[in-house]
Amino acid sequence: MSSAPVRQVSSLFKIGRWSALAFGLSYGFFHARTLRNEAAARHTESEYARKVALIEEAKKKYAASQPSDGSVKFNFDDPNFDADKWAKHLESQFK
């Protein structure tokens with residue numbers, strides 16, 4: 001049996017192959033990192049949108065649970081009591 005002759009490959013071709021491999025690995029690494037960051041940003045945005053939707057839903061439920069007959073209740077013991085608002089309410093009742 002005779003063995004097939006070994007072809008000599010030029011150094012430029014070998015360098016080109018190794019360069020292409022290195023370029024492909026580095027491109028894959030950076031591309032994967034970019035995709036991972038974009039996915040994390042999308043996840044963060046979707047979580048924020050979900051929380052905003054929950055807050056809006058809670059506001060609607062709270063508004064629905066409040067009396068809508070126009071009666072206003074004032075808590076005089078509340079430290080945030082607004083006397084001007086109370087006075088305007090009294091004025092509007094007696095007009």
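Reply: Start with accessibility: buried means under 20% relative accessible area, exposed over 50%, and partly exposed in between, with a 1.4 Å probe and protein chains only. This is a predicted model, where local features need pLDDT of at least 70, side-chain atom pairs count only at pLDDT 80 or more, and totals for chains, interfaces and linings use all residues. Residues are numbered from 1 along each chain as its sequence is written, and side-chain values use heavy atoms, leaving out hydrogens and water.

The part in view is helix α1, residues 11–65. Helices are DSSP runs (H or I, at least four residues), numbered from the N terminus.

Salt bridges come next. The rule asks for a side-chain nitrogen of Lys or Arg within 4 Å of a carboxyl oxygen of Asp or Glu. The count is two. Lys 61 pairs with Glu 57, closest N and O atoms 3.4 Å apart. They sit four residues apart in helix α1, so about one helical turn separates them. Glu 57 is partly exposed at 40%. Arg 50 pairs with Glu 47, at 3.2 Å between the closest N and O atoms. These two are three residues apart in helix α1, again about one helical turn. Arg 50 is partly exposed at 44%, and Glu 47 is partly exposed at 28%.

Now Ser 26, also in helix α1. A polar atom of its side chain lies 3.0 Å from the backbone oxygen of Phe 23. Ser 26 is partly exposed, at 30% relative accessibility. From Ser 26 to Ser 65 is 39 residues in sequence and 59 Å in space, C-alpha to C-alpha.

How values were computed. Polar contact = N/O pair within 3.5 Å; in protein donor to acceptor, adjacent residues only side chain to side chain.
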